[in-house]
Amino acid sequence: MKRTVEIILTVIGGLIGLFMTLVGGLILWMKSNPDEVRHMFSDMPEFQQASIDVEEVIASINQVGASILILALLSVIAGIVAIVLLKGNKNPKAAGIILIVTAIIAIIFTQGFMTIGGIFYVIAGILALVRKPKQPIEASI
């Protein structure tokens, strides 16, 4: 049985995870360069009109950046493992469980940043668990 749909959904979720890894890296860069962040936000009229405190933004960045980077990277690695297990229909049950658990952990611990990638992982995981191999049709004569 081909597992093309599950593999495609896992690849899409992994690509979103790679993007979120880049976002996490950018957030960590912002954390290490607070002067650049202050300068960047001082040029934005939306921040001045909304009277948002830049120091609060920097403090919240410190809390979120590392968790996004690490969990997004781990979700990409888990997606690669799941693809290997799905390829050739080796162990689809284990791949499905890995995808669902990874999605739930990533969504919860990244405070929702990995929701879209997690949705793709959950759908692929459910498909991997639910789809049954086709039974050969025997011709009766």
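**A colleague's note**

1. Glu 6 is buried, at a relative accessible area of 0%; buried means under 20%, exposed over 50%, and partly exposed in between (1.4 Å probe, protein chains only). Arg 3 is buried as well. The two side chains meet in a salt bridge with an N to O distance of 3.1 Å, the term standing for a side-chain nitrogen of Lys or Arg within 4 Å of a carboxyl oxygen of Asp or Glu.

2. Before going on, some housekeeping. This is a predicted model, where local features need pLDDT of at least 70 and side-chain atom pairs count only at pLDDT 80 or more, while totals for chains, interfaces and linings use all residues. Residues are numbered from 1 along each chain as its sequence is written, and side-chain values use heavy atoms, with hydrogens and water left out.

3. Back to Glu 6, which has another salt bridge, to Arg 131, with the closest N and O atoms 2.9 Å apart. This pair ties together distant parts of the chain: Glu 6 sits in helix H1 and Arg 131 in the segment after H6, 125 residues apart. Helices (H or I, at least four residues) and strands (E, at least two) are DSSP runs numbered from the N terminus. Arg 131 counts as partly exposed, at 27% relative accessibility. Through shared partners, Arg 3, Glu 6 and Arg 131 end up in one salt-bridge network. How many salt bridges does a search of the whole structure find? It finds two.

4. Now the helix pair around that network. The axes of H1 (residues 4-32) and H6 (residues 115-130) come within 8 Å and cross at roughly 160 degrees. Axes here are lines fitted to C-alpha atoms, for helices over the stretch in contact, with angles from 0 to 180 degrees between N-to-C directions. H1 and H6 are therefore roughly antiparallel; angles over 145 degrees get that label, those under 35 are roughly parallel, 65 to 115 roughly perpendicular, and the rest oblique.

5. The H1–H6 contact residues divide into eleven nonpolar, four polar and one charged. In that scheme Ala, Val, Leu, Ile, Met, Phe, Trp, Tyr, Cys and Pro are nonpolar, Asp, Glu, Lys and Arg charged, and the others, Gly among them, polar.

6. Two residues in H4 deserve a look. Ser 75 is found in that helix and is buried, with a relative accessible area of 1%. Setting aside neighbours within four places in sequence, Ser 75 touches Gly 17, Thr 102, Met 114 and Tyr 121. Leu 71 also has its place in H4 (residues 54-86), and is buried at 17%. With neighbours within four places again left out, Leu 71 is in contact with Ile 105, Phe 109 and Thr 110. Its C-alpha atom is 9.1 Å from that of Ile 107, 36 residues away along the chain.

7. Finally, the whole chain. It has six helices and zero strands, giving the pattern α-α-α-α-α-α along the sequence. Of the 141 residues, 33% are buried. Among contacts between residues at least 6 apart in sequence, 73% join residues at least 24 apart.

Technical notes. Contact means heavy atoms within 4.5 Å.
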